[in-house]
Amino acid sequence: MRVTSVAIAATLTLVCVSTSLHGQRPDDQIDARSMQLLAQGKAAKAAGNLDGATDLLETALAVDPRNRQAYVVLAETADARGLPGTAIRLYREALSLEPNDVAALQGQGEALVAKGAVTLAKANLAKIRTLCKGACPEANQLAAAIAKGPPVTTAQTQAKPTAAKD
């Protein structure tokens, strides 16, 4: 009796797993509607319509959440809006789909520098350099952003009050 229930449970598990794997599409088959929305979002971003681009790119991700390029362009749009924290999160989503995406690593590194996380950006630079064996413009751009450093805020530029002399 005990062996029968274990055998039935194992059989049901095998059937469920094989059925769910059979119904999924391969990662390289992104929905065509999502790709079309991505192209429209890129065009809107290039035209300077950041709100429209954001809407189109979010719709592309709703249609197919495996559209890595839509995450990258949406992150670039967030960065253009001055939202480096949002950009970092979106680049992380793209990197979860493809950890060796050099463009996403570079964009995330630049957003990290903008937030002041230079050490993490240097880790991204090291990974880019290991992925690119020859000349790599992404590595050069990230290295320049790291050398420039995080942006100076107004709190950092204000002079410290001096002690009153008697």
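Predicted model: local features only at pLDDT ≥ 70, side-chain atom pairs only at ≥ 80, totals over all residues.

Tutor: Let's start with what touching means here: two residues are in contact when they have heavy atoms within 4.5 Å of each other. Helices are DSSP runs (H or I, at least four residues), strands are E runs of at least two, and both are numbered from the N terminus. Residue numbers start from 1 along each chain as its sequence is written, and side-chain values use heavy atoms, with hydrogens and water left out.

The overall picture is quick to give. Of its 166 residues, 31% are buried (under 20% relative accessible area; over 50% is exposed and anything in between is partly exposed, with a 1.4 Å probe and protein chains only). If you take contacts between residues at least 6 apart in sequence, 50% of them join residues at least 24 apart.

The part I'd zoom in on is helix 6, residues 102-115. Its 14 residues reach 20 Å from first to last C-alpha, close to the 20 Å expected at 1.5 Å a residue (the expected span is 1.5 Å times one less than the number of residues). Helix 6 is mostly covered, with 10 of its 14 residues buried. Those are V102, A104, L105, Q106, G107, Q108, G109, A111, L112 and V113. Helix 4, helix 5, helix 7 and helix 8 (137-148) are among what covers them.

Take helix 5 (residues 84-97) to begin with: its axis and that of helix 6 come within 9 Å and cross at roughly 155 degrees. Axes here are lines fitted to C-alpha atoms, for helices over the stretch in contact, and angles run from 0 to 180 degrees between N-to-C directions. That angle makes helix 5 and helix 6 roughly antiparallel (over 145 degrees; under 35 is roughly parallel, 65 to 115 roughly perpendicular, and the rest oblique). The crossing of this pair is left-handed, meaning the near helix is turned anticlockwise from the far one by less than a right angle, where clockwise would be right-handed. From helix 5, P84, G85, A87, I88, Y91, R92, A94 and L95 reach A104, L105, G107, Q108, A111, L112, A114 and K115 of helix 6. By class, this contact has 11 nonpolar, 3 polar and 2 charged residues. Nonpolar covers Ala, Val, Leu, Ile, Met, Phe, Trp, Tyr, Cys and Pro; charged is Asp, Glu, Lys and Arg; the others, Gly among them, are polar.

Now the other neighbour in sequence. Helix 7 (residues 118-131) and helix 6 have axes that come within 8 Å and cross at roughly 160 degrees. Again, this makes helix 6 roughly antiparallel to helix 7, and the crossing is left-handed. On the helix 6 side you'll find V102, L105, Q106, Q108, G109, L112 and V113, meeting L120, A121, N124, K127, I128 and L131 of helix 7. That contact splits into 8 nonpolar, 4 polar and 1 charged.

Helix 4 (residues 68-80) also deserves a look. Its 13 residues should span 18 Å at 1.5 Å a residue, and its end C-alpha atoms are 19 Å apart, which agrees. A70, Y71, V72, V73, L74, A75, T77 and A78 are buried in helix 4, and their cover includes helix 2 (32-46), helix 3 (50-63), helix 5 and helix 6. Following helix 4 comes G82, with a positive phi near 85 degrees.

Helix 2 and helix 4 have axes that come within 10 Å and cross at roughly 20 degrees, which makes this pair roughly parallel. L38, K42 and K45 of helix 2 make the contact with Q69, A70, V73, E76 and T77 of helix 4. Here the classes come to 3 nonpolar, 2 polar and 3 charged.

Last, helix 3: G52, A53, T54, L57, A60 and L61 are buried there, and they pack against helix 2 and helix 4.
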